[in-house]
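Good morning, and thank you for the time on the agenda.

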Amino acid sequence: MARTVWDSSVGKKTVMAVSGIVMLLYLVAHMIGNLKIYFGAGEFNSYAHWLRTVGEPFMHYEWTLWLIRVVLVAAVVAHATAAYQLSRRDIKARPSKYVHKKARTSYATRTMRWGGVILGLFIVWHLLDLTTGTAHPGGFQEGHPYQNVVDTFSTWYGNVIYIVAMLALGLHIRHGFWSAAQTLGAGGRTRERVLKTAANVLALLLTAGFIAVPVGVMTQVVS
Amino acid sequence: MTYTDYTTGDPVADTKAPSGPVHERWDTRRFEAKLVNPANRRKHTVIVVGTGLAGGSAGATLAEQGYHVVQFCYQDSPRRAHSIAAQGGINAAKNYRNDGDSVHRLFYDTVKGGDFRARESNVHRLAQISVEIIDQCVAQGVPFAREYGGLLDTRSFGGVQVSRTFYARGQTGQQLLLGAYQALSRQIAAGNVEMHPRTEMLDLIVVDGRARGIVARDLITGKIDTYFADAVVLASGGYGNVFYLSTNAMNSNATAIWRAHRRGALFANPCFTQIHPTCIPRTGDHQSKLTLMSESLRNDGRIWVPKAEGDTRPPKEIPEDERDYYLERIYPSFGNLVPRDIASRAAKNVCDEGRGVGPGGQGVYLDFSDAIARMGRKAVEAKYGNLFDMYHRITDEDPYEVPMRIYPAVHYTMGGLWVDYDLQTTVPGLFAIGEANFSDHGANRLGASALMQGLADGYFVLPATLNDYLARHPHQEPLTDEHPQVQEVLAETEDRVNLLLAVDGDRTPDSFHRELGELMWEFCGMARNAEGLRKALAEIPRVREEFWRRIKVPGTGEEFNQSLEKANRIVDYLELAELMCLDALHRAESCGGHFREESQTPDGEAARRDDEFGYAAAWEFTATGEAPVLHKEDLVFEYVHPTQRSYA
Amino acid sequence: MRLTLRVWRQRNADTDGAMSTYEVDGISPDMSFLEMLDVLNERLILQGEDPVAFDHDCREGICGACSLVINGDAHGPERTTTCQLHMRSFRDGDTIDIEPWRAAAFPVIKDLVVDRSAFDRIIQAGGYVTAPTGAAPEAHATPVPKPDADFAFEHAECIGCGACVAACPNGAAMLFTSAKVNHLNVLPQGAPERETRVLDMVAQMDAEGFGGCTLAGECATACPKGIPLFSITGMNKEWLRATRKAGKR
């Protein structure tokens, strides 16, 4: 069955839809967690610590976190590989363009591919910045995420990269969520409006929720 | 000897229909027919030309039976055959409405509707099979209209008093054709049908008196090739495009049947053409084809013209008492619902009087303002919305506001290759099905009967009768291109194509087609008379001669060349048109779609003359422009006794 | 009306093509788009030039043969087939670009004519009900609820013109394939082959080299018969269902 799914264009789209939804669920949790930054360093840092102790004593320290990381990496790899292969296929299926050019489809649809690439690069930077600290401005302090976040958003480029990426994320989710619903067969004549509204609301909430952090730092509400 | 000096040869008779009670004949014939052992069927190759309702259903069914089918269509896909454009519906004697319908009533209506020029045996078989067709199509997934209970809906159509027409909105032909196409596709995938799209038959190969194959041109590469078989089935449709403007598809043509006729198949009743009364009028010389509006519009629309000649006021400004609702006036009991031939002729008459409306005065009003006032716009929209939209799109006039303009147009040809009860032509091994044959509609076809006949022939009749021919001729010598009779046909075809390319004259194919069409419409259209027909018969050879002197076909034969395709079809129209006029001239009676002005009742209605013309006229080809030979098939009516139709 | 036409000219599948410019005059707003091209072709023939090749047949919007991209739109600016598009949709003096369907699976044969046989092969892969002639039960043996019959009809209206592929930025044939899957899969007659049909047709669609769906929606906008975009959703659902069932076997 796995073979059938991966060999089919519809199957690969299913892989993208499922992996996309996994990442989307993670993002919702991530965004909610992020907002704790508004309640001070104590609450934020202890929340970050809790992430490592979830599931104890059944799980060992950081096991749950690693489990989530593994699932996420799998989702990202599956999503990106399927997207890459499908895009190759799409481009090959339409080798010559029309001479008469005209603007087509919504902004979100057209930016899915580039948006995806931007988000991929962003994730790399984001991990190097705030997880490993490799690319962190100033001294990265293990176990002090609050300070690390403030450091990042105290630089102009940190803000620019982050905000641009979150806008891309919004657009990506706006089309991606609706598209995933269609791929999984959840759409239909009557549900179109509901799904499109849900996609818009979700995209807006996530983008706003994430951007709230750098905005907080910039406006000194968080410092 | 001139063309009009035809001679009368031996009568032709249908030797295949069994005698005995009419309702038992089909069973008897099927029992008497020899069968081919299923294991041997694979060894037989059958060529089918055309993929419409008749060809598509025949190809699929023969392949299901185990024959090796080689099938051709000029379109890029078998799904595009012109059956797809049929709107109205398909008749079947299911009697689901419990309204008194029966096989016998459908049989009766069809014989009478055909104005007593069809064969009783064939028509009865058609009525019997009609029932099975619906079952077959439903099983294929044809989405017929249904009632809320989930059962099939029917409507009444074409002036009959029972509701026996099954339909799929205004696209019945499309849905039935897709059903046949899908069945055919299944056989193509299974390797039982070898499909050649974009390939046009240019001639028939007859060897030792039997149809053994065809010569066809690959329309993409231009390659002319031979294809051999044990039997050849022509399902290539009608020849309405002789008139240039018709409701036929642009590329529908007569080449397959005309070439078969030249190779020995008799051509029956070529003058029986159906002119449909409700088409959208032409808008100018650029017109390339005519579009039909469903006949159902006459159920609620009122047809009128101004009483005064040359009245050019907009319709709304013409007061009620200055309008002539001429059908209601002349035929008070049937009114706007008179049969197609009568409605068409009446429209022509008022236009000839100078009372026609619209550009060129070639149109009459079909007015829905009374219906809108009576039923409300909503109800009219629900019933005819898609037709109104189509009209609006084509004419840019809103039929809710302004009356529609309609005019008759050539629609269907009842004539075709003469076939016996087995649907075999006079060339052994050559069969003709669907509109390509002449068999079931007599001189006038009833609405919703064309789809029925095409599918009856293809799904049920031919697959039963072809067995008999193949069983009786199981071993035919294998053929190659080297066979002298094959060589001859191939060479003739290539010469014809090369000649068309070589003339390099100064007139386009379309200009000749249009000229011929105007001639035919004028003299062999809705009303014909001896003088006009003689004039046409004098003109056609002139046009033909000019064609071969002045035709210009650009490009070469070894490529995709649509001008060459067109020119080659016109070659055959220029010969067929002559036979149509001769047939119309010889048939000095009025019947069905053939109205001879000399043969009218005192009140101007068609007068049939059964004593003199109660036969099907089957013509034998001699040579281009040379007088053909007439073979008569006497029609015997044992069950439905001829009466003069009356609709007053 | 006087118009400037820029038309894709390509001698055959093996040669390169280019846009050529032609002026046409005396065009009536009542002409159909194809009749306007007829006028051009009549002139070209008399000038000894090769007329523009284009597919067309019924000219009443049902056979699906006509297939022109006009000013970047499959079938032009109105929601209809090219043959039912009239010149009144254009203005005197306009320049009109005319191109063939563009997709790897629809190679150009000549000028504006493309090879759409890939569609036939998708149908051959499973777009039918196996019901050999003569085997049919009485038509009323299986009632079909009216909503299902209407749903089937709505999808069965597809004319196979290929505008969906031409309009799709990915050259995908999802709308065409889904229309047939939905037509047959909703009917009781189509139920026994429900799973194999969708799996085989989708596999064939992929094998023909059509692209995948990104829900751009261009196909449904271009479709002259109004096959809705959610038709694709329906096919996805059928495909998933069939894959799950196949996995269990």
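**Chain contacts, sheets and helix packing**

Let me begin with the contact between chains C and A, which takes 38 residues from chain C and 35 residues from chain A; two residues are in contact if their C-beta atoms, placed from the backbone, lie within 7 Å. This is a predicted model, in which local features need pLDDT of at least 70 and side-chain atom pairs count only at pLDDT 80 or more, while totals for chains, interfaces and linings use all residues. Residues are numbered from 1 along each chain as its sequence is written, and chains are lettered from A and ligands numbered from 1 in the order in which they are written.

On the side of chain C that touches chain A, the elements giving two or more residues are β5 (95-99), α6 (194-207) and α8 (230-248) of chain C. Helices (H or I, at least four residues) and strands (E, at least two) are DSSP runs, numbered from the N terminus. The largest share of that side, ten residues, is provided by α8(C). By class, the side of chain C that touches chain A divides into 19 nonpolar, 13 polar and six charged residues. Here Ala, Val, Leu, Ile, Met, Phe, Trp, Tyr, Cys and Pro count as nonpolar, Asp, Glu, Lys and Arg as charged, and the others, Gly among them, as polar.

Which chains have the most contacts among the two pairs that touch? They are chains B and C. In that contact, 66 residues of chain C meet 61 residues of chain B. At least two residues each are supplied to this side of chain C by α1 (33-46), β6 (108-110), α2 (117-124), α3 (146-156) and α5 (174-185) of chain C. The largest share, seven residues, belongs to α1(C). The side of chain C that touches chain B has 32 nonpolar, 17 polar and 17 charged residues. Chains A and B, by contrast, do not touch, and their nearest C-alpha atoms are 20 Å apart.

Chain A itself has nine helices and zero strands. Its C-alpha trace spans about 55 × 45 × 35 Å along the principal axes. An unreviewed UniProt entry carries the annotation "transmembrane region" for residues 21-41, 66-86, 107-128, 156-173 and 194-217 of chain A; UniProt positions are given in the numbering used here, feature names are shortened, and annotations may be inferred rather than shown by experiment. Residues 21-41 of chain A are 71% helix and 0% strand, with end C-alpha atoms 31 Å apart. For residues 66-86 of chain A, the figures are 100% helix and 0% strand, with 30 Å between the end C-alpha atoms.

I turn now to the sheets of chain B. Five strands form an open sheet with parallel pairing, in the order β7-β3-β2-β11-β19 (chain B); two strands pair if DSSP finds at least two bridges between them. The edge strands, each pairing on one side only, are β7 (193-196) and β19 (430-432) of chain B. From one strand to the next, the twist averages 20 degrees. Within this sheet, β2 (residues 45-49) and β3 (residues 68-72) of chain B run parallel and are joined by five bridges. B:Val49 has B:Phe72 in β3(B) as its bridge partner. Helix α7 (residues 255-262) of chain B packs on the sheet, touching β2, β11 (231-234) and β19 of chain B. Helix α12 (residues 450-472) of chain B also touches β2, β11 and β19 of chain B, and its direction makes about 155 degrees with that of β11(B).

Another open sheet of five strands in chain B has the order β1-β21-β20-β12-β18, with mixed pairing. Its edge strands are β1 (7-8) and β18 (416-417) of chain B. Over two bridges, β1(B) pairs in the parallel sense with β21 (residues 629-634) of chain B, and B:Thr7 stands opposite B:Val629 in β21(B).

Finally, how do two helices of chain B pack, and at what angle? Helices α14 (residues 509-523) and α15 (residues 530-550) of chain B pack at about 175 degrees with their axes 10 Å apart; axes are lines fitted to C-alpha atoms, for helices over the stretch in contact, and angles run from 0 to 180 degrees between N-to-C directions. α14(B) and α15(B) are therefore roughly antiparallel to each other, a term that applies to angles over 145 degrees. The residues of the contact divide into ten nonpolar, one polar and three charged.

Technical notes:
Angles under 35 degrees count as roughly parallel, over 145 as roughly antiparallel, 65 to 115 as roughly perpendicular and the rest as oblique.
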